[in-house]
Amino acid sequence: MGATEKRGLWTERCQGCGQCILAITGSICPVCRCAKRLFNGPCGGSTAGKCEINPDVDCAWQLIIDRLRAMDKLDEYEKLCPIKDWSTDRAGGPRKVAREDVQQ
Ligand code: SF4
Ligand code: SF4
């Protein structure tokens, strides 16, 4: 899922991982915006707020920290995120949704 930044420019904002944590990351998704999909960032490669993969790309965790600070919710950042269960993500294999009354 993505957002329209401006006419002709779309950026990814959610990869549908199945276990959303936006409530504790200031509504910035580390799954789709951090190159390493880190849940306790930033990594050691963040420099001046930019990601090590590309100096034109904002470090997602810098964005998260800045947002939480602005919201006076830095205490959320201090909490360690538990290990994520990726079985609900595409990495867990093909996903499907079925109504309970439908035979699978
Ligand atoms: S944490 Fe998962 S569900 Fe939430 S925005 Fe990111 S990819 Fe989407
Ligand atoms: S620099 Fe930031 S966005 Fe890039 S991989 Fe490290 S934590 Fe993720």
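# Close-up views of a predicted protein model with two ligands

**View 1. The protein as a whole.** The secondary structure of the protein comprises three helices and four strands, where helices (H or I, at least four residues) and strands (E, at least two) are DSSP runs numbered from the N terminus. This is a predicted model, in which local features need pLDDT of at least 70 and side-chain atom pairs count only at pLDDT 80 or more, whereas totals for chains, interfaces and linings use all residues. Residues are numbered from 1 along each chain as its sequence is written, while chains are lettered from A and ligands numbered from 1 in the order in which they are written. Read from the N terminus, the elements follow the order β-β-α-β-β-α-α. The C-alpha trace spans about 55 × 40 × 25 Å along its principal axes. Of the 104 residues, 16% count as buried; a residue is buried if 20 or more other C-beta atoms lie within 10 Å of its own, exposed if 12 or fewer, and partly exposed in between, with C-beta atoms placed from the backbone.

View 2. A residue is near a molecule if its C-beta atom, placed from the backbone, lies within 6 Å of it. Ile 21 is partly exposed, because 15 other C-beta atoms lie within 10 Å. The C-alpha atoms of Ile 21 and Trp 86 are separated by 13 Å, although the two residues are 65 residues apart along the chain.

**View 3. The surroundings of ligand 2.** Around ligand 2 there are 15 residues, of which the closest are Cys 34, Pro 42, Cys 43, Cys 51 and Cys 59. By class, this shell has 10 nonpolar, three polar and two charged residues. Pro 42 is placed in the loop between H1 and E3, and a cis peptide bond with an omega of about 5° joins Gly 41 to Pro 42. Most residues other than glycine have a negative phi, and most peptide bonds are trans. Cys 51 touches Ala 35, Ser 46, Val 57, Asp 58 and Cys 59, not counting residues up to four places away in sequence; two residues are in contact if their C-beta atoms, placed from the backbone, lie within 7 Å.

**View 4. The hairpin of E3 and E4.** Strand E3 (residues 50-51) and E4 run antiparallel and are joined by two bridges; two strands pair if DSSP finds at least two bridges between them. The hairpin connects E3 to E4 through two residues. Lys 50 has Asp 58 in E4 as its bridge partner.

View 5. The buried residues of helix H2 (residues 60-70) are Ala 60, Trp 61, Ile 64, Ile 65 and Leu 68. They lie on the same side of H2 because they cover an arc of only 135° around the axis, the arc being that of the directions from the helix axis to the C-beta atoms. An α-helix has 3.6 residues a turn, so residues three or four places apart point the same way. The buried residues of H2 pack against helix H1 (30-33), strand E4 (54-58) and helix H3 (74-78). On the face turned away from this buried side are the exposed residues Arg 69 and Ala 70. The largest nonpolar core has 12 residues in all, including Cys 17, Ile 28, Cys 51 and Trp 61. H2 supplies the largest share of this core, five residues. Such a core is a set of buried Ala, Val, Leu, Ile, Met, Phe, Trp, Tyr and Cys residues joined through C-beta atoms within 7 Å.

**View 6. Two loop residues with positive phi.** Ser 27 lies in the loop between strand E2 (9-12) and H1, and has a positive phi of about 70° although it is not a glycine. Ser 27 counts as exposed because it has 12 C-beta neighbours inside 10 Å. Asp 72, found in the loop between H2 and H3, has a positive phi of about 55° and is likewise not a glycine. Asp 72 counts as exposed because it has 7 C-beta neighbours inside 10 Å.

Terms used: Ala, Val, Leu, Ile, Met, Phe, Trp, Tyr, Cys and Pro count as nonpolar, Asp, Glu, Lys and Arg as charged, and the others, Gly among them, as polar.
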